[in-house]
Amino acid sequence: MQHKILVTYFSASGVTARAAKEIASSVGADIQEIVPAAPYSAADLNWMDKSSRTTKESKDETCRPPIAADIDIKPYDTIFIGFPVWWYKEPAIIDTFLESANFAGKRVIPFATSGGSGIDGAEKRMKKLCPSADWVKGKLVNHGAGAWAKGAAE
Ligand SMILES: Cc1cc2nc3c(=O)[nH]c(=O)nc-3n(C[C@H](O)[C@H](O)[C@H](O)COP(=O)(O)O)c2cc1C
């Protein structure tokens, strides 16, 4: 079966963006960035600062930072969702995205980049937030994504 595939991603410093582009070209997908309505500044991204925006967001389970523009997932049956691991889980804006669209019956494939932490914690939380999706095991793509993505999207 020919899948219509969309690669979506959030990336604060460009690493996940590179992986997303590699996946999109490897599987022949459209690509759309999840852009925060309020961009993350360098100070926002400081995980050493207990009062930085990202530290506060990661501690607040209900935090849902708005996305700048809606992403229309309707035309697609398979959706990759990429993100950097923040505090061992997905950034809160990924939760916004999961709750902002109807993923029922869609194949959803997570991927992430990190400084070394795995993707499992994020995957568990994402499945819980969006149980109607048909979840495919995701992958940490710190060391290349193209070959894996091809298999995952088959
Ligand atoms: C606020 C914040 C929290 C982070 N938490 C983790 C973490 O828990 N584990 C980890 O391995 N890396 C962590 N990182 C590192 C990022 O996951 C890593 O640099 C990622 O590749 C950045 O992707 P990006 O360039 O697409 O934003 C964190 C980075 C930031 C800014």
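A: Start with a term: a crossover is right-handed if, with the strands pointing away from the viewer, the path from the first strand over the helix to the second runs clockwise. Also note that this is a predicted model.

Q: Which elements make a right-handed β-α-β unit here?
A: β1, α1 and β2 do. Strand β1 covers residues 5-9 and strand β2 residues 30-33, with helix α1 at residues 15-27.

Q: In what sense do β1 and β2 pair, and over how many bridges?
A: Parallel, over four bridges. L6 has D30 as its bridge partner in β2, and Y9 has E33.

Q: What about β3, how many bridges join it to β1?
A: Five, and those two strands also run parallel, with β3 spanning residues 78-84. T78 in β3 is the bridge partner of I5.

Q: Is β1 buried or exposed?
A: Mostly covered, with five of its five residues buried. In a regular strand the side chains alternate between the two faces of the sheet. In β1, I5, V7 and Y9 are on one side and L6 and T8 on the other, and both faces are covered.

Q: Switching to the helix. Which residues of α1 are buried?
A: T16, A19, A20, I23, A24 and V27.

Q: How many residues does α1 have, and how far does it reach?
A: α1 has 13 residues and reaches 19 Å from its first C-alpha to its last, close to the 18 Å expected at 1.5 Å a residue.

Q: Now the ligand. Which residues come nearest?
A: S11, S13, T16, P84 and S117, out of 20 residues around the ligand. T16 is also one of the buried residues of α1.

Q: Where does the largest share of the shell come from?
A: Helix α1, which gives three residues.

Q: And how do the shell residues divide into nonpolar, polar and charged?
A: There are 10 nonpolar and 10 polar residues, and no charged ones.

Terms used. Residues numbered from 1 in each chain as written. Predicted model: local features only at pLDDT ≥ 70, side-chain atom pairs only at ≥ 80, totals over all residues. Near = placed C-beta within 6 Å. Nonpolar A, V, L, I, M, F, W, Y, C, P; charged D, E, K, R; others polar. Pairing = 2+ DSSP bridges. Expected span 1.5 Å × (residues − 1). Buried ≥ 20, exposed ≤ 12 C-beta atoms within 10 Å, placed from the backbone.
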